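Visitor: I'd like to learn how to read a model like this one. Could you walk me through it?

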Amino acid sequence: NIASGKSTELYTIARLIKKYAHTRRNKSRIVFKNSRVGEVACSRVNINKAKKLLNYNPITKIEEGIQKTIEKYRLQKFNEIKKEMNKKWVKFWKIK
């Protein structure tokens, strides 16, 4: 992940994570607090060098990237749980 060259508000990112990570049990809320001393209010990455040297051109929008990341994480966790359950079943049915 390099960047898109566009600025995205933290609230927008939080909303997208909440949208795609939503479950019925997840009752999380986005909470606003006062900014801390020295906190950066806004940032944007200059991608001109990456475009020039790497022929980089961002193609994935922030929403799609967050959605895919959450889906990949969920699939990875599912596979880890499935693997652990398989180990337990093998132990359970193993004849000594």
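Visitor: Which elements of the protein chain have the lowest and the highest mean pLDDT?

Guide: Where pLDDT is low, the predicted coordinates should not be read in detail. This is a predicted model, and helix α3 (residues 62-93) has the lowest mean pLDDT among the elements, 88, while helix α2 (residues 48-54) has the highest, 94. For the protein chain, the mean is 87, with 96% of residues at 70 or more.

Visitor: At what angle do α1 and α3 pack?

Guide: Helix α1 (residues 10-20) meets α3 at about 40°, and their axes are 9 Å apart. The crossing is right-handed.

Visitor: Which residues make that contact?

Guide: From α1 come Ile13, Leu16, Ile17, Lys19 and Tyr20; α3 supplies Ile62, Glu63, Ile66, Gln67, Ile70 and Arg74.

Visitor: How many aromatic pairs are found in the whole structure?

Guide: A pair of aromatic rings is described by the distance of the centres and the angle of the planes. Here the search finds 1 pair: tyrosine 11 with phenylalanine 32, tilted, at 5.4 Å centre to centre and 35° between the planes.

Visitor: Where in the chain do the two partners lie?

Guide: Tyrosine 11 sits in helix α1 and phenylalanine 32 in the loop between α1 and α2, 21 residues apart, so the pair links distant parts of the chain.

Conventions. Residues numbered from 1 in each chain as written. Predicted model: local features only at pLDDT ≥ 70, side-chain atom pairs only at ≥ 80, totals over all residues. Heavy atoms only, no water. pLDDT = per-residue confidence, 0-100. Helix = DSSP H or I, 4+ residues; strand = E, 2+ residues; numbered from the N terminus. Axes fitted to C-alpha atoms, helices over the stretch in contact; angles between N-to-C directions. Left-handed = near helix turned anticlockwise from the far one by under 90°. Contact = heavy atoms within 4.5 Å. Phe/Tyr/Trp six-rings, centres within 6.5 Å; stacked < 30°, edge-to-face > 60°.
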